[in-house]
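Please read this briefing alongside the sequence and the 3D view. It covers strand pairing, a helix face and salt bridges.

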Amino acid sequence: MIRLDPLSQIMGVEEAAKLWGTTPGYVKNLCAEGKVRAVKIGKTWILDKNQPNPLKQAAKD
């Protein structure tokens with residue numbers, strides 16, 4: 001059985017911003033609005049690394 005490290009499946013706001021080509025502030029707004037898969041732990045947003053780029057999804061709609 002192959003086990004993936006669960007921490008390799010998550011990213012923070014800064015990494016998401018770089019990956020998606022936007023700003024950390026915009027990523028935080030997407031998290032707060034529920035437009036991306038994310039949970040807030042304290043003051044920190046944790047995002048699922050395997051989700052599609054929400055900016056590309058919005059362009060398709």
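The points below are grouped by topic.

This is a predicted model, where local features need pLDDT of at least 70, side-chain atom pairs count only at pLDDT 80 or more, and totals for chains, interfaces and linings use all residues. Residues are numbered from 1 along each chain as its sequence is written, and side-chain values use heavy atoms, with hydrogens and water left out.

**Strands**
- Strands E2 (residues 38–41) and E3 (residues 44–48) pair in the antiparallel sense over four bridges.
- Pairing requires at least two DSSP bridges between two strands; helices (H or I, at least four residues) and strands (E, at least two) are DSSP runs, numbered from the N terminus.
- Val39 has Ile46 in E3 as its bridge partner.
- Two residues lie between the strands of this hairpin, and Gly42 takes a positive phi near 65°.

**Helix H2**
- Val27, Leu30 and Cys31 are buried in H2 (residues 24–32).
- The buried residues of H2 fall within an arc of 100° seen down the axis, so they line one face of the helix; the arc is that of the directions from the helix axis to the C-beta atoms.
- Buried means under 20% relative accessible area, exposed over 50%, partly exposed in between (1.4 Å probe, protein chains only).

**Salt bridges**
- The whole structure holds three salt bridges (a side-chain nitrogen of Lys or Arg within 4 Å of a carboxyl oxygen of Asp or Glu).
- Glu15 pairs with Lys49, with the closest N and O atoms 3.3 Å apart.
- This pair links distant parts of the chain, 34 residues apart: Glu15 is in helix H1 (residues 13–20), Lys49 in the loop between E3 and helix H3 (54–60).
- Glu33 forms a salt bridge with Lys35 at 3.2 Å between the closest N and O atoms.
- Asp48 and Arg37 meet at 3.0 Å, N to O.
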